[in-house]
Number of protein chains: 2
Amino acid sequence: MARKGIDRQTVLEAAVKIIDTEGFENLSMAALAKTLGIKTPSLYNHVKGMSDLRKQLAVYGINRLKETMAEASIGLSGKNAIFSLGTAYVSFVREHPGLYEATLPSASVLDEEILHAGEGIVNLLLRVLQDFHLEHEDAIHAVRGLRSLVHGFASLELKNGFNMELDVDVSFKHLLETYVNGIERGSKKNK
Amino acid sequence: MARKGIDRQTVLEAAVKIIDTEGFENLSMAALAKTLGIKTPSLYNHVKGMSDLRKQLAVYGINRLKETMAEASIGLSGKNAIFSLGTAYVSFVREHPGLYEATLPSASVLDEEILHAGEGIVNLLLRVLQDFHLEHEDAIHAVRGLRSLVHGFASLELKNGFNMELDVDVSFKHLLETYVNGIERGSKKNK
DNA sequence: TTTACAAAACTAATAAAATTAGTTATTATA
DNA sequence: TATAATAACTAATTTTATTAGTTTTGTAAA
């Protein structure tokens, strides 16, 4: 290897710092090279280009989000696990707004590796939902519901979609509680 | 006026066509000028620049979405109104993926006009929820919940977040039903 | 009908960004 | 110590947004 201690991981972490502080749309090869103290073309020794960089950020972000959620659900089950995991999700988005945005590439990108990483989150949720003893189809609906709900809340908050009138954390708890209670009730009905 | 029948509205509609077919990230002044049959600098007679164009698309998109929702709730009340309106929302996103993406500018843009347009949707939801006789704070929570849920679902679907295993429309109905039932139950409890 | 003004098109030029090609320097290892 | 690979560099190209300044054209007043 030559010169500086720059590798794929260093580049990725520098990019994360930029998007979390300056905003996802302000990521550029020029800015990234500058923070690393190298010239722009040198970046091409580590990433294939801008779209490759964005793809790698997506995979990296999804995996870090998944780890955060997994961590938050350790030792908990059922409703408690869901709450802890949902709260961890929202916190992640607040701490890493740019990285979270990176996890949501436009449909036109549609990459195999990104889709695969996303399945990790779905599987995690399915396991946490096992306590509810749902039938397979209902479990899938519930996973989709939970993802929609948590992503929707975090995403709207990120885009400043809520005014300041009322504590947003209370709203989130209210939302999650209402939905999870409904799931629970549906599960009991099926017994 | 001179030459062609191009005005702000024509430009906006051409831009909508581009983002809905080619994707939001493929909007450029160059592409837009080409579809209008003019040279790039001529666009500056109608919009102030790229970021102004994006801002105008955001406001335009939010207002069209609001009209779609308002239309869908005419003559209905309570749960029926919510269902019709939610379904209309999801359909809108499917028909106008690019325009919908335009309605969600990064937090750093934070424009007064955009925020104001967004309030229109909040007010519409508040009126539709009047049938549930919620207290003011609970009504706000419910509006936030509904927006999170519907936006989250539409947004994940748009980003190909769901696999094909199960009918997504059934999942959406399931989600909305579970949540609205919960709201209704909460409302009755408070009486 | 002619003239004058304003709006909207144009050309030319600049700046910033991504990317490619080709070259030089450095470091690990044979 | 020599060499091969890696990663930095410079130079050049392309694309895009944007600005300045000019020309054209349609409307409305004289």
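In this predicted model, chain B can be laid on chain A with an RMSD of 0.0 Å by a turn of 180° and a shift of 0.0 Å along the axis (copies are superposed by least squares on the C-alpha atoms of residues with pLDDT of at least 70 in both). The two copies are thus related as by a two-fold rotation axis. In chain B, G152(B) has the C-alpha nearest that axis, 1.8 Å away.

Now for where the chains meet. On chain B, 43 residues are in contact (heavy atoms within 4.5 Å) with 43 residues of chain A. Of the interface residues of chain B, 100% are also interface residues in chain A, so the copies meet through the same surface. Together the chains bury about 3700 Å², 59% of it on carbon and sulfur atoms; buried area is the accessible area (1.4 Å probe) that two parts lose on being put together, summed over both. In chain B, H141(B), R144(B) and L166(B) lose the most area to chain A, together 18% of what that side buries. Helices α7 (136-158) and α8 (168-189) of chain B each supply at least two residues of the side touching chain A, and α7(B) gives the most, with 16 residues. Helices here are DSSP runs (H or I, at least four residues), numbered from the N terminus.

As for bookkeeping, residues are numbered from 1 along each chain as its sequence is written, and chains are lettered from A in the order in which they are written. Local features need pLDDT of at least 70, side-chain atom pairs count only at pLDDT 80 or more, totals for chains, interfaces and linings use all residues, and side-chain values use heavy atoms, with hydrogens and water left out.
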